[in-house]
Amino acid sequence: MASPLPSLPSEIFFDHILTRTSLESLGRCRLVSKDWNHITYDSRFWKSFCKRSDTISGFLIQSQSQIDGKHIQTFVSVDNKANKNFSHAILDFLPVPVKIEAVSQGLVFCVDQNVSVVRDYFICKPTTLQWEKLPNPKTRFLTSMTAMAVLSSKPLRYKIIRFSSHKYPFSKFKSRQYYNMTCEVFDSNTWAWKRLKNVSLPYCVLLGIDQPYVTSCGAFYWLVRLARSNQVFAFYYGDDKESWEIFDLPPPMEESGGFNYKKLVEYQGRLALIICEREVMDLWVMENHGKKLWSKRQTWTLSTKVCKQVEGYIPPLAALYNSDIALIKGRDEKLIFYNFEDSSANVVSKLFRSESV
């Protein structure tokens, strides 16, 4: 019997294999083992990988002018060099001012800001200044929510989901009332929009306009806006068919009465939920999607210095940058990259001046 192959130290995987792979193959590397998946979401790994692969990583932040109501887009990153290289007008290469509808893996789906009966839709890549005009959706109803996912990078394939108001928004079936939404999907393979079956949600379920979503495990997720808001709306975008469902958040949300701040996030490739109460953040991860099983993974406590820089009773978490760093909204339009491991913080203002805390 052949002897088993000796295992390599994790340092070799980190320094000589994973950080030297391409962005396209990184997703496949994460499927090799739980250890590899965990390593690739580590702050130290991501910093080394971005440097060696010349990858730009960060967030596109969109705000609305109080003067003329126009949307303004800026880019923020943990890397201060990237902040300086990207201007505020990061989408100025497009033919018209736009509003971002969805973002996925460096691609941006946006719509013409000009008020008109028929608006133009675009797909673009800010890092290369490439853009294309998309065909308009088939329906002309008000857009409620949009989401986008890149299915493959070589060759490039992506899907865009658009929910809009229905001609008859309310219906009744077996003495129960429902709220109806029109649903369309754009597939870059066919370069066309396809009308899907209407989504009919229970009348008490409300999904807000332009509500943020999370992409994970072949689905888009939104928090349901109820009095207690303890459920998730999931839309699955398979190759051959699309479907949706509503399921519950972890039990702590039921016990808390829903008064804590909560945010859906993606954590190491899985759907996760962060529950905030004052300076304490609990991270819950969906371990088994089929059985809808959640488990509590982490409890983080923000430093006193950072808490003083945020407004309100609960720190407004914007997103997770990776397993160790979160993006938090601070006072005076500042954004804070907070490292849970060493409690360090990089404060990025709207003028991209950076300072350490």
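Which residue is the bridge partner of V103 in β4?

## Strand pairing

The bridge partner is V108. β3 and β4 (residues 107-112) run antiparallel and share 6 bridges. Strands are DSSP runs of E with at least two residues, and helices are runs of H or I with at least four, numbered from the N terminus. Two strands pair if DSSP finds at least two bridges between them.

Both strands belong to an open, antiparallel sheet of 4 strands, ordered β3-β4-β5-β6. β3 (98-104) and β6 (130-134) are the edges; each has a single partner strand, so one side of each lacks a neighbour in the sheet.

## Model and chain

This is a predicted model, where local features need pLDDT of at least 70, side-chain atom pairs need 80 or more, and totals for chains, interfaces and linings use all residues. Numbering starts from 1 along each chain as its sequence is written, and side-chain values use heavy atoms, without hydrogens or water.

The chain holds 7 helices and 24 strands. Of its 357 residues, 46% are buried (under 20% relative accessible area, 1.4 Å probe, protein chains only).

## Nonpolar cores

A nonpolar core joins buried Ala, Val, Leu, Ile, Met, Phe, Trp, Tyr and Cys residues through side-chain atoms within 4.5 Å. The largest has 33 residues, and F163 and W222 touch the most other members. Strands supplying at least two residues each include β4, β7 (143-153) and β8 (156-173).

Leaving out residues up to four places away in sequence, F163 touches W222, M181, F233 and F235, among others. Contact means heavy atoms within 4.5 Å. A second, separate core has 20 residues, among them A272, M281, Y338 and F340.

Methods
Buried means under 20% relative accessible area, exposed over 50%, partly exposed in between (1.4 Å probe, protein chains only).
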